[in-house]
Amino acid sequence: MVNPGKGRGGLYVELSLTGAERARLRELVPGPVWFAEPGTTSESDARALAEAGTALGNPRADRLANAPRLKWLQLASVGIDDYLGLDWPVLGRRLTVTNLGDVFADPVAQSCLAGILALHRGIDLLSGLRSEGSWAKSAVRPRLRLLTGARVLVLGRGSIARRFAELLGPFGCPVTHFARGSGDIRTLAELDERLPGFDVVVGLLPGTPETSGLLDARRLALLRPGAVVVNAGRGSLVDEEALVSKLSSGRLGGAVLDVTGEEPLPATHPLWTCPGVVLTQHTAGGSTDESARVVDLFADNWRRFQAGSPLRNPVQWSRGF
């Protein structure tokens, strides 16, 4: 990782912020601060990035190589997928990239728990019946399940995975982690062997070649009848066609999907109408203070950056996260 030292050239920001949050950045950073709209393509914004010494947000990947003064980029995301194709052995000599790391731990963990409870307690079904004006107490009540004591497999051992496991504590759920090198389950062979023993499987893995298609048709078929699948990591983790098949047949008990292979999800995609699916549309990391928490992390890292100290959440390009 590059030791960034003190940056020059000002700050480029590509993030939706309140007036107060913009003022806070201006007070924090000496020199010019340039605010661009997220996803911008204007040439003036491209020139501002090219002159900046630091950046906050997710600028277009192809513009990083043309920003020779840029020493540090604080992403406004955990995911780094858009930047994986760049020449990091070269670019990484001058540019340090950090992501949001644990900023989303609480909201994502809570969304996963909420989705699981919605399925177990029939909230998703009852919400649909309400919109139809249909009273179905006698049909729904016998189908409700308890989360208490459910055996949960968490794919991942990062900050979100750890926080999610903590939230399950009051429910008395035995939690097992799959993570190569640091999990309770460390190999794919052991994963295959133990998959049938879990009631809930939660995907919180980064998007890498090793995790793509991890929950394929074969592994989904290994899950016990009635099991619930949750994916709040990357859409590439799950074979969606196989998942739809298992849900439609009634073999699986439901799915909570914050991420999908294609986003936005096409209107004709079968996940919209597949039974037992809670789609949270990549909102799990959201909260009313989301941008304030991003600025908080940037401010902490800015002080470290100026002091030449290690930054929080540096991206490890060789590992893909």
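**Cavity, pocket, cores and charges**

Tutor: The largest cavity has a volume of about 30 Å³. The model is a predicted one: local features need pLDDT of at least 70, side-chain atom pairs count only at pLDDT 80 or more, and totals for chains, interfaces and linings use all residues. Residues are numbered from 1 along each chain as its sequence is written, and side-chain values use heavy atoms, with hydrogens and water left out.

Student: What counts as a cavity, and how is a volume defined?

Tutor: On a 1 Å grid over the protein atoms alone, a cavity is a set of points where a 1.4 Å probe fits but cannot get out, whereas a pocket is an open set with protein on both sides within 12 Å along at least five of seven lines; lining residues have an atom within 4 Å of a point. Grid points are joined across faces, edges and corners, and the volume is the space filled by probe spheres set on the points.

Student: Which residues line the largest cavity?

Tutor: The lining consists of S111, C112, V230, N231, A232, V256, L257, D258, T280 and A284. The elements giving two or more residues to this lining are α4, β9 and β10 (254-257); helices (H or I, at least four residues) and strands (E, at least two) are DSSP runs numbered from the N terminus.

Student: And by class, how does the lining of the largest cavity divide?

Tutor: There are 6 nonpolar, 3 polar and 1 charged residues in the lining of the largest cavity. Here Ala, Val, Leu, Ile, Met, Phe, Trp, Tyr, Cys and Pro count as nonpolar, Asp, Glu, Lys and Arg as charged, and the others, Gly among them, as polar.

Student: How much space lies in the second largest pocket, and what lines it?

Tutor: The second largest pocket holds about 380 Å³ of space. Its lining has 17 residues, of which L119, L125, R143, G253 and G276 lie nearest the centre. Both α4 (105-120) and α5 (123-132) supply at least two lining residues, and the largest share, 3 residues, comes from α5. By class, the lining of this pocket has 7 nonpolar, 7 polar and 3 charged residues.

Student: Changing topic: which members of the largest nonpolar core touch the most others?

Tutor: They are V13, L25, F164, V202 and L204, in a core of 46 residues. The elements that give two or more residues to this core include β1 (11-14), β2 (33-36), α7 (159-167) and α11 (290-307), while the largest share, 7 residues, comes from α4. A nonpolar core is a set of buried Ala, Val, Leu, Ile, Met, Phe, Trp, Tyr and Cys residues joined through side-chain atoms within 4.5 Å. Buried means under 20% relative accessible area, exposed over 50%, and partly exposed in between (1.4 Å probe, protein chains only).

Student: What does L25 touch?

Tutor: Leaving out residues up to four places away in sequence, L25 touches L11, V13, L17, V33, F35, L56, V295 and F298, where contact means heavy atoms within 4.5 Å. A second, separate core of 28 residues includes F178, I185, L257 and C274.

Student: How many salt bridges are there?

Tutor: The count comes to 15, a salt bridge being a side-chain nitrogen of Lys or Arg within 4 Å of a carboxyl oxygen of Asp or Glu. D192 and R218 meet in one of them, at 3.0 Å from N to O. D192 lies in helix α8 (residues 188-194) and R218 in helix α9 (residues 217-222), so the pair ties together parts that are 26 residues apart in sequence.

Student: Is D192 buried or exposed, and which other salt bridge does D192 form?

Tutor: D192 counts as buried, because its relative accessibility is 19%. Its side chain also meets that of R219 in a salt bridge (2.6 Å, N to O), and R219 is buried too. R218, in contrast, counts as partly exposed at 44% relative accessibility.

Student: Which residues form a network of salt bridges?

Tutor: D102, D300, R304 and R312 are linked in such a network.

Student: Finally, where is the cis peptide bond of P264?

Tutor: The bond from E263 to P264 is cis, with omega near -5°, and P264 is placed in the loop between β10 and β11 (277-279).
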